Amino acid sequence: LERTFIAIKPDGVQRGLISEIVGRFERKGYKLVAIKLIVPTKEFAAQHYDDLSSRPFFDGLCDFLSSGPVVAMVWEGQGVIKYGRKLIGATSPQASEPGTIRGDLCVQVSRNIIHGSDGPETAVNEIGLWFKPEELV
Ligand code: ATP
Ligand code: MG
């Protein structure tokens, strides 16, 4: 069955949005197969976002992701990679429809509270970066 990597970023955790976000994936019907609270190092954050290393916001993005606890998760279910991105909304909360996580719960692109893998290959790579195989149930 398809799996994706989802993370609640430090702003989402700090704002008390863990249950709200987890609840949306649960209520949709997806299955949680791994979860942990972790403060990533800046080096780890840079690995996670390595495809964005040439972008001007990269350094700030890595500082931000490593600034506090992140809820790292793996969710499983039919079409979860693509539909998970649909639940999340667009990269910019301003462009995210109401009803999506970013559309309902945040305003700034640099503080958009949640991450989701953008495709099957990324999902495999990100799950492997954040979790050991034995951490997946
Ligand atoms: P994510 O990978 O976090 O799920 P995404 O796939 O929607 O988000 P990406 O293009 O992968 O978007 O960008 C990764 C993250 O970098 C975004 O979630 C956002 O927090 C940040 N980001 C993207 N564009 C900008 C920007 N122009 N200014 C500041 N931060 C940005
Ligand atoms: Mg992305």
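Partly exposed means a relative accessible area between the buried limit, under 20%, and the exposed limit, over 50%. Gly 79 has 28% relative accessibility, so it counts as partly exposed. The model is predicted.

**Largest pocket**
- The largest pocket holds about 640 Å³ of space.
- Its lining comprises 27 residues. Nearest the pocket centre lie Lys 9, Tyr 49, Leu 52, Leu 61 and His 115.
- The lining divides into eight nonpolar, ten polar and nine charged residues.
- At least two lining residues come from each of helix H3 (42-48), helix H4 (58-65), strand E4 (114-116) and helix H7 (120-130).
- H7 gives the largest share of the lining, with four residues.

**Ligand 1**
- The residues around ligand 1 include Lys 9, Tyr 49, Leu 52, Leu 61 and His 115. These five are also the lining residues nearest the centre of the largest pocket.
- Also around the ligand are Phe 57, Arg 85, Thr 91, Arg 102, Val 109, Asn 112 and Gly 116.
- Thr 91 places a polar side-chain atom 2.6 Å from an oxygen atom of ligand 1.
- For Tyr 49, a polar side-chain atom sits 2.8 Å from a ligand oxygen atom.
- An N or O atom in the side chain of His 115 is 2.9 Å from an oxygen atom of ligand 1.

**His 48**
- His 48 belongs to helix H3.
- Its relative accessible area is 6%, so His 48 is buried; the limit for buried is under 20%.
- The side chains of His 48 and Trp 130 make a polar contact at 3.1 Å.
- Beyond four places in sequence, His 48 touches Phe 5, Leu 65, His 115, Glu 126, Leu 129 and Trp 130. One of these, His 115, is also among the residues around ligand 1.

**Asn 112 and Ile 113**
- Asn 112 lies in the loop between helix H6 (101-105) and E4. Ile 113 lies in that loop too.
- Asn 112 counts as buried because its relative accessibility is 4%.
- Ile 113 is buried as well, with a relative accessible area of 0%.
- Leaving out residues up to four places away in sequence, Asn 112 touches Lys 9, Asp 11, Thr 91, Pro 93, Arg 102 and Cys 106. Among these, Lys 9, Thr 91 and Arg 102 are also around ligand 1.
- Ile 113 has a positive phi, near 60°, and is not a glycine. Most residues other than glycine have a negative phi.

**Gly 79**
- Gly 79 sits in the loop between strand E3 (70-76) and helix H5 (80-88).
- Setting aside neighbours within four places in sequence, Gly 79 is in contact with Glu 2, Tyr 30 and Gly 84.
- Gly 79 and Thr 4 are 75 residues apart in sequence. Their C-alpha atoms are 9.4 Å apart in space.

**Helix H2**
- The buried residues of helix H2 (residues 18-28) are Ile 21, Val 22, Gly 23, Arg 24 and Phe 25.
- The cover over these buried residues includes strand E1 (3-8), E3, H5, H6 and E4.
- Gly 29 follows H2 and has a positive phi, near 120°.

How values were computed
Residues are numbered from 1 along each chain as its sequence is written. Chains are lettered from A and ligands numbered from 1 in the order in which they are written. This is a predicted model: local features need pLDDT of at least 70, side-chain atom pairs count only at pLDDT 80 or more; totals for chains, interfaces and linings use all residues. Side-chain values use heavy atoms; hydrogens and water are left out. On a 1 Å grid over the protein atoms alone, a cavity is a set of points where a 1.4 Å probe fits but cannot get out, and a pocket is an open set with protein on both sides within 12 Å along at least five of seven lines; lining residues have an atom within 4 Å of a point. Grid points are joined across faces, edges and corners, and a volume is the space filled by probe spheres set on the points. Ala, Val, Leu, Ile, Met, Phe, Trp, Tyr, Cys and Pro count as nonpolar, Asp, Glu, Lys and Arg as charged, and the others, Gly among them, as polar. Buried means under 20% relative accessible area, exposed over 50%, partly exposed in between (1.4 Å probe, protein chains only). A polar contact is a pair of N or O atoms within 3.5 Å; within protein, one must be able to donate a hydrogen and the other to accept it, and residues adjacent in sequence count only if both atoms are side-chain atoms. Contact means heavy atoms within 4.5 Å. A residue is near a molecule or strand if one of its heavy atoms lies within 4 Å of it.
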